[in-house]
Amino acid sequence: VVARVQNSFYNTFYSENGNDWLPVPGACALSHIEVQAAVVYRSRMLLFTVGCHSYDIPAGARRYEKAIDCSVEQDGPFQRENRIYYSSDGVTWRLSQRPFRLSQFLEPEFMQHHWSGKRSGEYRVGYKVLVHHDSLYLIGGQQKITFVDKFDNPILDKDGKVQKQDLDAMDMWLSKGLVDLLLLCVQNSDLTTQGIIDAMQAATSPECEFGFSKLPGGVLQDAILPR
């Protein structure tokens, strides 16, 4: 398990009897993140988190981004985002890389996980992540969605900050690999045992009423950019 006291670092602990818990020797501590869910899938421990990350890393460093405090810059250049950490031994935790494209200045522009939202700064909290047989499921939660005008432009408040609304997410995402997820439609009428079973056993996934893109299960990659 990973745990922390108040707002300190997350540390990794293990137990052989479920009663006595000891820290994992040499395990790195995770800071400036909020762990939303933790599962074991395909021989890896996965942590689904919310946090802010900076890409302003000195040239020659072994990593290309790091978690930072969101409290000051959450609506500035560093915005809250859903990220996934993973480990195969509980000692070394790696930050998985997201898809990115190069801007006209040849700088990487990172894209959201599709289950997080459509726009930069949107993210999801309070969801559940489950493993069943060979599949990983991400279910429900609450999305922090950007208010937009009729031209799809973000609406700003009087201080110039992007306004967000909370949206209850009645959806379910499925992955057969690590880890980008395929959207399954689960509206209110589908939230029955038989409805979920039918959705899982269907030959194809139904089209949903809202416009998230679909991605097949991918492979976790370290957060290292091409030179």
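Tutor: Happy to! Let's start with E81, which is buried at a relative accessible area of 9%; buried means under 20%, exposed means over 50%, and partly exposed lies in between (1.4 Å probe, protein chains only). The model is predicted, so to speak of local features a pLDDT of at least 70 is needed, side-chain atom pairs count only at pLDDT 80 or more, and totals for chains, interfaces and linings use all residues. Residues are numbered from 1 along each chain as its sequence is written, and side-chain values use heavy atoms, with hydrogens and water left out.

The partner of E81 is R83, and their side chains meet in a salt bridge at 3.4 Å, N to O. Here a salt bridge is a side-chain nitrogen of Lys or Arg within 4 Å of a carboxyl oxygen of Asp or Glu. R83 also counts as buried, at 0% relative accessibility.

R124 and D171 form another salt bridge, with the closest N and O atoms 2.9 Å apart. R124 belongs to strand β11 (residues 123-125) and D171 to strand β16 (residues 171-175), so the bridge ties together parts 47 residues apart in sequence. Strands are DSSP runs of E, at least two residues long, numbered from the N terminus. R124 is buried at 0% relative accessibility, and D171 is buried at 3% relative accessible area.

A search of the whole structure finds six salt bridges.

Now for the nonpolar side chains. A nonpolar core is a set of buried Ala, Val, Leu, Ile, Met, Phe, Trp, Tyr and Cys residues joined through side-chain atoms within 4.5 Å. The largest one has 16 residues, and those touching the most other members are L46, F48, W115, Y127, V129, L136 and L138. At least two residues of this core come from each of β4 (33-41), β5 (44-54), β7 (81-87) and β13 (135-139), and β4 gives the most, with three. Another core of eight residues lies apart from it, including Y10, L30, L47 and Y85.

Key
Helices (H or I, at least four residues) and strands (E, at least two) are DSSP runs, numbered from the N terminus.
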